[in-house]
There are 2 protein chains.
Amino acid sequence: MKAVIKAVLGGTVASPEGFFAGAVSAGINERAAGKLDLAVLSSETPCVAVGLFTTSKLKSAPVQLTRHRLEKGRAGAVAVNSGCANAFTGEHGLVDAAEMASLVAEGIGIDPEEVLVASTGTIGMPLPMKRIRPAVEQIIMSRDGGHDLAKAMMTTDTLPKETAVSVKTGSSEFTIGGAAKGSGMIHPDMATLLCFLTTDAPVERNFLREALKRAVDLSFNMISVDGDTSPSDTVLLLANGMAGGEPITAESPQADAFRQALEQVCIYLAKLIAADGEGATRLIEATVDGAADLSQARQAARAVISSALVKAAIHGADPNWGRVVAAVGRSGADMVEDRIDLYLGDVQVIGAGRHLNSGKREINKLLKGKEVNLRVNINLGEGSATAWGCDLSEEYVAINSEYMT
Amino acid sequence: MKAVIKAVLGGTVASPEGFFAGAVSAGINERAAGKLDLAVLSSETPCVAVGLFTTSKLKSAPVQLTRHRLEKGRAGAVAVNSGCANAFTGEHGLVDAAEMASLVAEGIGIDPEEVLVASTGTIGMPLPMKRIRPAVEQIIMSRDGGHDLAKAMMTTDTLPKETAVSVKTGSSEFTIGGAAKGSGMIHPDMATLLCFLTTDAPVERNFLREALKRAVDLSFNMISVDGDTSPSDTVLLLANGMAGGEPITAESPQADAFRQALEQVCIYLAKLIAADGEGATRLIEATVDGAADLSQARQAARAVISSALVKAAIHGADPNWGRVVAAVGRSGADMVEDRIDLYLGDVQVIGAGRHLNSGKREINKLLKGKEVNLRVNINLGEGSATAWGCDLSEEYVAINSEYMT
């Protein structure tokens, strides 16, 4: 079935019908006084909910609690804070995460088991519950609160990351919204740190999980800022069904439109995260075509955007193409030296393994843009994938050498 | 059998009996005029020779040629240059590498098939043979030439890296020498870029290969500067037998002493490489004890010294211990949060998963030293390993964003 997918002007995670959000400044990080740092997302009606979490053996208390609560597949609200990750905080951390959920549940008037939690910030410090308790009471929930929620999630992010799309397919109309935070510790897999996705579409749980997995594989699992993975990585997707109609399943005529719209939202947010990597000045998009298979294409694309040498070269607008080919070479993907083609934007710089004398002025201009597009064709098979990263700047180091002190 | 292993004062790769070295400035990189950049290592008598090479699918021409020549297990000389890696240079690169070997063979008067080659520098540029041809003739070989060879291998290295040890065990006496270059693109596995090892001990080939593999696993495979792997990574070990006696095999009474001395040389050079990482101001040594097994200990130790966040925190002398634990957590090694102990030097900063209130002044002093020692005890098993890295500084970015331009 044909679908029309449109960006919602000023869209947020609370754009879909029945979602509300609100945020306050609880003063969780003393060094960021006045910053919004505690937020709640809620739905008027209970949602079908699914999530994906960090692959690290060290899982934050909120990740442990939320994973457990999602086993029932239902949720009514999400509580989120920045400034403290509540990770590596032992049993006490679990108690704090559960209390944060209970406080929100009381405020909204739902079962505490239906409140999910997420935290981001410094690892190894307890949540300052003394500041969180009074702050929760001050949160005012509204249909316009999405933007504040996106701001409250930010740590070293320089911009809030949010979007929404409306979808029309056949007689169905629904909306998908999302908010994310990234910046440091961004790496496949589960490179998000935090992302909340909402929809008013009615969706069956198995299909919701399958669609989320696929969208995350194409988006948050294809970005890298610094090669680190966080104990807090969390992607949640809540569907409240308020757009009406029968639940969408894998066999529904609306299934493709839902998948496509969800991917669009996730890729949009993932690119924002990559572009806003700590210290980043440029977004790098690397597409690998002609790999032996999809998995090798993914490996190779991620190796290119993860290479510290490629990232530093692009920061300096340095046309060091050998580093791009070397990254593909060490990725493990099959390659034959004299088949490699490399394009910068529309300019071919390597053909059949040889450096071409392409226009230096054009290359210099492309390398100095806000978005640098690299495309490698391995010319061996049909595997194709795209990954996103950012340049490596002196600023990355400055941010991360002074985070705590 | 007991062994006495002593560092040789001013030891070089040419310290073992019968080895000679020499270097010239060939002007391979126009921007480094006058720098020694072309060198030869040779032995008076043919050597038993073994090597280990990059795991990247993109292998430089010298790596392809040298791997092939080592199948016979014999070598008489090594030619090396910096300024140009002769990688991603196609068939023409192979012809150039072979010519470089032949020029050296002619000068020394040995079979070209017994000359190995190694190149380091920019990827994707052809070797300037016009400058190399006349320069080879000017190389003067001497017993004192080892230091010049180590200098000629340098690219962004700030110091030459070389050492030698003398070994006495029973009635046997022999020497092992080595020279290495590192700096950028240093990462397990085969993180060396280039390392040449020599010995006058008589060693049987299978044992020589086994001893090299083990020593490299404990040294060059346990360091990381930037997560990148080079198409040029090469470790060569040449044994000319001039110390006399029966060839050492795995069963010989001297086998342990040989292994131990070789490990000592490799670890010494690996630590020099880590400490001299591009832009580095501090060496980071991370030991992981109590891992479920050796392989998990290795994984975890490497994750700690590879983490951009840990590296940046140590650059800023920032006591952000959560990042160290997070690196262990994402390494894939089994861990239980409330068993983790962490030490900085002799100061315990985490005990059974809890931050301890250790002396801030002492910690600050230790974090500002030239060498920062971290020790994590996972308290689960017997696996133990040590890895070395360096801090991540603004200077790393400056070096790598302006390498070519």
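## Two helices in chain A

In this predicted model, helices H2(A) and H3(A) are roughly parallel to each other, because an angle under 35 degrees counts as such and theirs is about 15°. H2 covers residues 90-108 of chain A and H3 covers residues 129-137 of chain A. Their axes lie 9 Å apart, and the crossing is right-handed.

Residues from both helices make the contact. On the H2(A) side they are A:Asp96, A:Glu99, A:Met100, A:Leu103, A:Val104 and A:Gly107. H3(A) contributes A:Met129, A:Ile132, A:Arg133, A:Val136 and A:Glu137.

## The nonpolar core

In soluble globular proteins, nonpolar side chains tend to be buried together. The largest nonpolar core here has 276 residues. Those with the most contacts inside this core are A:Ala39, A:Leu41 and A:Val304, together with B:Ala39, B:Leu41 and B:Val304.

What is A:Val304 in contact with, leaving aside its neighbours within four places in sequence? The residues are A:Ala286, A:Val310, A:Val324, A:Ala327, A:Val328, A:Leu374 and A:Ala387.

## Strand E7 and its partners in chain B

Strand E7 of chain B runs from residue 172 to residue 181 and is mostly covered, with 9 of its 10 residues buried. E7(B) pairs with strand E6 (residues 161-169) of chain B through 9 bridges, and the two run antiparallel. Within this pairing, B:Thr163 stands opposite B:Gly178. E6(B) and E7(B) form a hairpin with 2 residues between them. In the turn, B:Gly170 has a positive phi of about 60°.

E7(B) is also joined to strand E8 (residues 194-199) of chain B, by 6 bridges and again in the antiparallel sense.

## A seven-stranded sheet in chain B

An open sheet in chain B is formed by 7 strands in the order E9-E16-E11-E15-E12-E13-E14, and the pairing is mixed. Its edge strands are E9 (223-224) and E14 (354-355), each of which pairs on one side only. E9(B) pairs with strand E16 (residues 383-390) of chain B in the parallel sense, over 2 bridges. The bridge partner of B:Ile223 in E16(B) is B:Trp388.

Helix H7 (residues 294-306) of chain B packs on the sheet. The strands of chain B that H7 touches are E9, E11 (283-291), E15 (371-377) and E16. The direction of H7 makes about 20° with that of E16(B).

Note on methods. Residues are numbered from 1 along each chain as its sequence is written. Chains are lettered from A and ligands numbered from 1 in the order in which they are written. This is a predicted model: local features need pLDDT of at least 70, side-chain atom pairs count only at pLDDT 80 or more; totals for chains, interfaces and linings use all residues. A residue is buried if 20 or more other C-beta atoms lie within 10 Å of its own, exposed if 12 or fewer, and partly exposed in between; C-beta atoms are placed from the backbone. Helices (H or I, at least four residues) and strands (E, at least two) are DSSP runs, numbered from the N terminus. Two strands pair if DSSP finds at least two bridges between them. A nonpolar core is a set of buried Ala, Val, Leu, Ile, Met, Phe, Trp, Tyr and Cys residues joined through C-beta atoms within 7 Å. Two residues are in contact if their C-beta atoms, placed from the backbone, lie within 7 Å. Axes are lines fitted to C-alpha atoms, for helices over the stretch in contact, and angles run from 0 to 180 degrees between N-to-C directions. Angles under 35 degrees count as roughly parallel, over 145 as roughly antiparallel, 65 to 115 as roughly perpendicular and the rest as oblique. A crossing is left-handed if the near helix is turned anticlockwise from the far one by less than a right angle, and right-handed if clockwise.
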